[in-house]
Every structure is written in C-alpha cells, then in structure tokens.
Amino acid sequence: MKEGKQRMLAPHSFRFKVIFISIICLIIPATISLSIYNYLTKDTLKEQALTNAYRELTIANEYVEKLLEDMLYITNFVQLDAEMNTILKEKAQSKTVTNTDYEQYMDDSKINKTIENITLVGEKSYVTILLKNGKSYKNYATYDFDPSQLVREDWFKKLNTLQGYESIWIESKPTVFRSDKRNNPYQISVARTLRDQNQDIYGYVIVTIMENKINQIFENMKGHEEMMILNSSNKILSHRDHEEIGGTFQYSDQLKKNNSSNIFEVSNKDYLIAEHDISFTGWKLVSLVPYKQAVNQINSIFSKVFTVQIVSFTMFLILMASLLRTITKPLVHLGKIAEAVKRGNLAIRSRLRSRDEVGRLSESFDLMLDRVNEMIKEITHTQERKRKAELDMLQAQINPHFLFNVLNSIRMKVLVKGDQESANMISSLSKLLRMTIDKNKEIISFREEVQIVLDYINIMNMRQKEQVKVEISVHEEAYTLQIPRFILQPIIENSIIHGLNQSAGTIVLRTELRDNQLVIMIEDNGQGMDEAALSQLKRKLGQSIGTEDNHQTNNKGFSSLGLSNVYERMFITFGGAFRMDIKSLPGEGTKVILTIQKGGNISDVQSNAS
C-alpha cells in the first residue's frame, strides 16, 4: 500500500501533476496579484481620497447653493409680484400722502404681510425694500437696524449700474443687526434694483443672511475637511474660524483649475485640496484636509482586506491539496479501465457510482462501452439494409427521357385533336422540365435563357385569366453570353406574381452595351414599391442569406428569396464584375438591372461552358 501511494505521487503520475499544477497555478497568480495590489494601493488610495474629497465638496456645494438660491427667490418675488410692485411704485412716486390713512395702512400691511410670508420657509433672512424717496419696508425692527444707512455703503452705488434682473452679491460684512451681532459676527447679502416700465429705478431690495448659516452646513458634513468660501480674488468669505474671514487663502496657488481636486506638499506634509464653483455668485467652495487624515480610514480598510486575503489563501491552499487527492482517486481508476479498453477488452466496466461529475463520467463510460458493442451490431445490420435500399432505388428509377417522350406523345395527340393552346403549354412544360432535370447544363447561353423565359410566360398566361405581354430587345452580342441557367425566370416570376399581381401587364426585357459593360434590364409596369419596401428588399438582397426571413413575400413588393438566389449564383460566376440594382416607385412598376463588366470573368465562363 505504501508503494502504491509513492507510485501515485511520483513525478510522472496523474495525481502528482494535478496537485502540482494546481498549486503552481494558484501560487503564481496570487503572488503576482498581491504584489501588484500592494504596489497599486497607494495610487488607489490617492484616487479614492480625491474622489471622496470632491464628493463631499459637491454635497456641501448643493446645500450652499440652495441657501443662496432661497435668497435669490426672495428678490425675484419682490421684483416680479404684480400687486406688490403696483403698491411700491405708487409709494415711490408720491412724496405727499394722497390716500386716506386707512388705505395707507392697508397697503403697508399687504407689503409687510407678503415679506413675512416669503421668509417663513427656509433659513432666517432679513429683507429690506428701500424706495428712492426714503420710505422702506422690512421684516425687522428699526431698532435692529436703520435701512436708510444702506445708501452709505460702497456697494450701494453699484446698484444703479445694474441692468434688468442683475444682482450684486455682497461679500461677508460685519453684522449690522443688533440682535445677531453677538452670535453672528458676519453677514452675507444680495441686492437688486426695482424698476418701472420705463426701466427707471424706483427702489431697491436687499436680502441678508448670517454667515453662520453657511458654517452650520460645513459642520454637518461627515468628514473633517476645512471648508470655506472664496471670492474671485481668493479672499475668504465664510470659514468655521471667524478670524479667518476677510483674509486671503494661503494656498491659493494650488487652485489650478475649476471643479477639481489635487494633492500638494507643504513643509514635507501632503494636503488634499478640492474646489467647486458656486454657479451664480462668482464665488467658489474650497475644502482643505491633511492627506493622511483623508486616507486613514481607506488605508485601514485596505490593510484588513490584505490580511484576510493572505489568511484565506493559506487555508485554501491546504484544503485544495487535500481535496485534489480525494478527487483524483477515482480518475486514476478510470485511467486503468481506459487502458484495458485500449487493449481490446470491451467487456470490462468501471463500476464507480457517485452523484458527482466523476460518478456520472464513470457511468457514461460504462454506457459508452455498452453502446459501442450495440453499434458494432447495428452498423453491420445497417450496411446490409443500405445495400438493399440502393438496389431498390436503382430498380425504381425512371429514365427522364422516357418522361419527355411521353409528354411529347401527349402533345402530338392533343395537337392532332386541334388543341393548339394545350399542345403549346405541354411543349413549354417539357422544355422547362428538361432544362430542370438536365444536370449537365449548369451554364447556358443567354439565348437559351430567353427561351426559358418565353416558355415560362407561355405557361403562366395559360394559368391566368389575364395575359402578360413580353417585349424583348436584346443585342446579338448578348445572346452569346454564357450565364447560369434560371437567372431571368425568378425575376420574371416576381414581376408577374408580385409586380403585376397576376393581372394583365407588360414586361420588357432588354440589353444595353455601355463601354465595357453589358446591362440587362427587366422592367414591368406593375404596382411598384414604396421607399420602405424597396429599402427592405435591398437590405435582404445585400445580406444574401437564405433564411426563413427571406421566404416571406409581400403582394406589394418583390420576394427576396428568388432575387437573392439570382444574385448569389451570378456573383459566384462573375465575382466583382457583376452588380445588381433595383429601382421602383409606387404605381410606376419595378426595374431590375443586372450589370456585367466585360473582361476576363465573362471569357472564363464562356470557355468553361464550351
């Protein structure tokens, strides 16, 4: 038994080869993969960190833009609300009070109520409507702030230069509202003009929020990024640290392009910076975080994955070696059985039975041996039956010339009785049958092909109630052309059945000589085809695939089966010297054009036929 195990594990044994190759094929790719994995981890960490930083910045940007859009919404509402604008214009144009005290009170109440309603949703904001005559409306007390002081601000003069719906975004300024100064040292505002129909300015609307509202967005982000808002000059407008507001961003040189993220080094320490433009303000949102802090969590995950892979690989290697030995045991037994069969012992069987693939293979091997024995008997019996069937088939064959002679005798009897029409039909049928059965005439002259068409039309005219006329105009040179037989008949058949719809009509067969080309044209005056049907027919003709799709017919167009057959046989005969085209218009008939380039191909066909 010990010697048997040593023999199984010998270098030349099947079991040894399977185990050895499996381990090698596992170790080599695993080693390479782990090496590459370790090498590329740094790049992956970097890419993931950049992606995460930009994703966090994008999310923060959406919240910031939403907050600023709410401010724009208030200015838009004040500027576009018809009722409010009517009242404001009247207030701005009259320096003396013309209405009653009650009317004045009701108008002021409407404006104040409207301001209150549009500021109910969203973050708290201060709305100021300042008219040119000095009158103002607001949602705060004059004790908090006197709106007449706004005209002293530097940015207020710029309002008169605005056009239409343009706005001015006012960067972070010290808070002017007394109730918010202690907790919110800075504020951000947007201002817009109010204009009458003549585009003359009659007032201004200013919406202000506390800069602290933006800081709350930064603090709610999951990461530990240092986020801030910068203007076009890289001046800090919003920051978690209020002392930084108003200063210049110290790493502004690293902001190389819009909506991007990158890593830079300062004092041997890497930082990850990302920026995102705030679309309608001209400002940008920037995040800054130390690179090690950004990749710390990702690096921890990669290290754990790497450790799990090493442990799993070791356990799997041990388990695989044990399982392979168990699996290969029945295979070795099957190898012995195959060797016995090779020596001619067809009575031996493996007798291995199990529910896995090896058991099914063993069962199939035994069944195969049973089947081989049965087939030996069946082949012997089949050969005897085949020889008998061949003899029976030879005895049952009828000489085709006998059929032609019988048809000719019938034609003569019909002719003697005066039925010229039936005699002509039998004559045409006999010619077509002879041409179909004769296997020695695969290539015929164009003159013979024209005669086949005439015989076919003669038969079809006898079958149909209405007659089809045929006009033939063929050059003498074309008659000598050697072509595959039954080239014109499928086209004529299509014209009669589909083009003329088995009704009366005219089919014209003519040839033209153009430079080095012989052009054969078959044209009918039938119902024709529309552009869609013609395109579908050309597409199927170009494919030249004899599938079931090509057997489909349509009474409103040609069948692609016969045309594909014609194209394939002509292309096989003439190669690139042959070209086929179809032209048709609804109600104007269909024309099939066969173009053959004169030259070597035609000569070869004619010489082969001779």
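Q: Which strand does His-276 lie in?
A: In this predicted model, His-276 sits in strand β9, residues 269-277.

Q: Why is His-276 called buried?
A: Its relative accessible area is 14%, and buried means under 20%, so His-276 counts as buried.

Q: What makes the pairing of the His-276 and Asn-61 side chains a polar contact?
A: The two side chains come to 3.5 Å, and the cut-off is a pair of N or O atoms within 3.5 Å, one able to donate a hydrogen and the other to accept it. So the pair counts as a polar contact.

Q: Why is Phe-316 called partly exposed?
A: Phe-316, in helix α6 (residues 291-342), has a relative accessible area of 44%.

Q: How far apart are Phe-316 and Leu-26 in sequence and in space?
A: They're 290 residues apart in sequence and 9.8 Å apart in space, C-alpha to C-alpha.

Q: Why is helix α12 described as mostly covered?
A: Ten of the twelve residues in α12 (residues 488-499) are buried, including Leu-488, Ile-492 and His-498. Just after α12, Asn-501 takes a positive phi of about 60°.

Conventions: Residues are numbered from 1 along each chain as its sequence is written. This is a predicted model: local features need pLDDT of at least 70, side-chain atom pairs count only at pLDDT 80 or more; totals for chains, interfaces and linings use all residues. Side-chain values use heavy atoms; hydrogens and water are left out. Buried means under 20% relative accessible area, exposed over 50%, partly exposed in between (1.4 Å probe, protein chains only). Helices (H or I, at least four residues) and strands (E, at least two) are DSSP runs, numbered from the N terminus.
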